[in-house]
Amino acid sequence: MSSPNKTTYEAATPATANEPRDRRSVALAIAAAVVILDRITKRIVVQQLPNGQAHTVIPGIFRITDVHNTGAAFSMFAESASPTTVRNILVAFSVIAAIVLIGMLWRAGRALTLSSVALALILGGAVGNLYDRIRYSYVVDFLEVHIGNYHWPDFNLADSCIVIGACLLLIEIFRPQPTDS
């Protein structure tokens, strides 16, 4: 019985030894972690605070509330004459955004980069809020911030991850790229 020669063995070995490991599963795990943490935080708030109630954490600056946002970001369209239409449009937009983000993450996620982490955070936040819109017809917002006379609209962990992801993408866009010399 003869042993396989070196060229036969090399031909049978995949040519991925020099390629970096595929990190898409890590990026998807980040997105899943955002969804899970978003669900946990919203569930705690809903169980501990009746709708409209608040718990002051830092007087005059930060409160935890229970606000049911039927609109889009910053409660836009919340007072619409047709809330069902607004909800359906927001659900459709969120589904399309999630599909686009999954596609972008699939393309960019082979390596764990600032862009792939940013896309994962945005995807997780979008799915977290999409869950609320489908299940409850509103999004649970609970973080309320006041700075001086300025009141930031209530938001949640999913919203925070979307904003952080968008900021990371901006950093990536404006970060000086290495020049080939």
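**Figure 1. Contact between helix α2 and helix α5.** In this predicted model, V34, L37, D38 and T41 of α2 meet L157, A158 and C161 of α5, where contact means heavy atoms within 4.5 Å, and helices (H or I, at least four residues) and strands (E, at least two) are DSSP runs numbered from the N terminus. The residues of this contact divide into 5 nonpolar, 1 polar and 1 charged, with Ala, Val, Leu, Ile, Met, Phe, Trp, Tyr, Cys and Pro counted as nonpolar, Asp, Glu, Lys and Arg as charged, and the others, Gly among them, as polar. Helix α2 (residues 24–48) and helix α5 (residues 157–174) pack at an angle of about 145 degrees, their axes being 8 Å apart; axes are lines fitted to C-alpha atoms, for helices over the stretch in contact, and angles run from 0 to 180 degrees between N-to-C directions. Residues are numbered from 1 along each chain as its sequence is written. Because the model is predicted, local features need pLDDT of at least 70 and side-chain atom pairs count only at pLDDT 80 or more, while totals for chains, interfaces and linings use all residues, and side-chain values use heavy atoms, with hydrogens and water left out.

**Figure 2. The largest nonpolar core.** This core has 10 residues, among them A27, A98, L101, L119 and I122; a nonpolar core is a set of buried Ala, Val, Leu, Ile, Met, Phe, Trp, Tyr and Cys residues joined through side-chain atoms within 4.5 Å, and buried means under 20% relative accessible area, exposed over 50% and partly exposed in between (1.4 Å probe, protein chains only). Helices α2, α3 (83–108) and α4 each supply at least two residues of this core, and α4 gives the most, with 5 residues. Not counting residues up to four places away in sequence, L101 touches L119, I122, L123 and A126.

**Figure 3. A118 in helix α4.** A118, which lies in helix α4, counts as buried because its relative accessibility is 0%. Leaving aside neighbours within four places in sequence, A118 is in contact with G165, L168 and L169.

Figure 4. Strand β2 (residues 62–69) pairs with strand β3 (residues 139–147) over 6 bridges, and N69 stands opposite V139 in β3.

Conventions:
Two strands pair if DSSP finds at least two bridges between them.
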